[in-house]
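The following note sets out points on charge pairing and side-chain packing. Please read it alongside the sequence and the coordinates.

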Amino acid sequence: MAQQAIAGSQAKAWLLCRSGALAGTRFPVRDGTTRVGRAPDNDVVIDGADSATISLYHAEIWQDAGVWRVRDLSSTNGTWLNGERVADADCSPGAVIQLGNPGTEFALILEAAAPAGLDRTMEIPPSAAAPLPKPASSPLAAAEEMLSSAVMRARRMRAHGAGGETLTIMRGVIEQALRQSHRRLRIVGYSLAAALVLVSALALWKIATLNREKHAIDSHIGQLEAQLQKASEGTDFDRLLSQLGDYQNQAESLQRSLLYRLGGGHEDGDPVTRELRSLMAEFGAEVYSIPPDFTERVNHYIQQDQGPDRPNFTHALDEDRSQVETMRRILQQEQLPADLAYIPIVESALMPGQASPAGAAGPWQLTKPTAKAYGLRVDGPIDERNDLVKSTRAICKYLRDLILDFGAGSSVMLALAAYDGGTAKVKQAVSRTVKDPIKQRNFWYLYRTRALPLETREYVPKVFAAILIGRNPRQFGF
């Protein structure tokens with residue numbers, strides 16, 4: 001009597017990346033929680049150019065007995081399920097999960113179980129069986145003999161009432177073909193292994209060379225930055241700045257090298273410097289070498305927010321979180337960086353009734369002339385500067401005008417400088433010290449030459465400190 005044994009396999013869930021450099025890569029969804037983000041301890045780590053919209057711990061996929069849920073981990077740019085932003089929602093196979101909008105996309109897929117026919121064995125009468133063909137004189141003849149034998153065996157089995165076993169027979173034929181070709185493939189395998197060892201050795205040598213070049217470039221950049229801090233504007237200053245630009249270009253080109261990335265090349269510097277570079281890249285500013293004194297001032301204001309100003313920042317992140325989210329949503333709708341929503345924490349700490357000695361009021365601390373110029377009503381008892389939604393929409397128009405006024409590149413940073421000191425005041429300060437119209441639109445040139453007023457030089461790193469904390473509150477102890 002025929003006997004059979006059936007082996008089934010439970011379907012396995014995967015996250016299939018559909019965009020960016022990882023497109024086509026599959027990541028397993030474990031039983032329990034699978035976490036996705038930029039931090040290296042996530043189950044799915046997104047880094048490089050694809051990480052612009054990804055938080056350190058962005059989202060997690062929870063699986064239990066064939067049930068899936070997707071949860072947002074208070075990410076900066078949100079988690080989207082099938083085009084809708086979600087905080088915690090049921091998920092099903094075929095769903096599209098997007099980290100940020102726009103951002104990296106994943107599809108939740110299932111790996112189909114193996115067909116039952118391939119896992120079935122059967123005993124057959126001796127008269128129905130036929131021996132597998134012996135090796136023939138040539139590979140083509142062997143293939144013909146094996147296929148002919150397989151057809152004969154299938155016909156005999158059907159004659160004995162054992163139909164539907166064609167897949168089992170073909171599997172046996174394939175296994176014999178593999179055994180016969182194993183000896184020839186072994187020689188090819190040894191040759192490929194030798195070639196692989198040689199290529200790997202050359203790649204390791206090249207990676208070591210690239211790492212040495214990278215360290216040498218970084219050393220030159222550090223020396224130039226130190227000289228620039230001591231130099232005054234003039235021919236020598238411009239020469240140092242030109243050399244710095246050349247080394248920055250070399251470093252950025254080297255970092256884009258495939259071998260450098262495969263060799264584990266990563267950004268140097270402390271976490272604040274790395275986060276600043278990521279933020280500058282989003283803003284379109286030069287990102288490789290940030291002036292050391294700028295980074296030092298950002299760290300100073302981070303420590304101040306963690307210390308004396310901690311109550312204001314905690315209040316803004318907790319009690320006023322809904323207001324921050326409202327401003328971020330409006331900025332995104334207006335195609336502006338959502339992280340500019342942390343400016344009001346610096347301006348007013350989102351405390352109601354805040355007014356400056358110059359008469360600025362509201363969360364964004366707008367003066368009356370600016371508020372009226374951008375459509376807000378400031379008339380007697382009515383002051384729309386205190387209306388969060390209306391004032392934010394007015395600010396979007398104002399910021400867009402500032403960005404357009406200062407052109408491309410580091411225009412967002414120049415717009416922040418003008419937001420604090422006023423467009424006319426910043427332009428007057430620049431025109432007195434900088435004669436080159438190209439350099440007038442480069443924030444780092446103005447910062448290094450100290451062409452900007454002191455208050456403005458301090459305002460920009462203060463805003464960036466607030467943005468870094470707002471993007472990663474847990475990293476900074478909030």
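1. D293 and R457 form a salt bridge (a side-chain nitrogen of Lys or Arg within 4 Å of a carboxyl oxygen of Asp or Glu), with the closest N and O atoms 3.7 Å apart. The pair joins distant parts of the chain, 164 residues apart: D293 lies in helix α6 (residues 292-306) and R457 in helix α15 (residues 454-471). Helices are DSSP runs of H or I, at least four residues, numbered from the N terminus. Both D293 and R457 are buried (under 20% relative accessible area; exposed is over 50%, partly exposed in between; 1.4 Å probe, protein chains only).

2. This is a predicted model: local features need pLDDT of at least 70, side-chain atom pairs count only at pLDDT 80 or more, and totals for chains, interfaces and linings use all residues. Residues are numbered from 1 along each chain as its sequence is written, and side-chain values use heavy atoms, leaving out hydrogens and water.

3. R385 pairs with D383 in a salt bridge whose closest N and O atoms are 2.8 Å apart. R385 is buried at 5% relative accessibility, whereas D383 is partly exposed at 22%.

4. The whole structure holds 23 salt bridges. A network of them links E60, R69, R71, D88 and D90.

Technical notes
Helix = DSSP H or I, 4+ residues; strand = E, 2+ residues; numbered from the N terminus.
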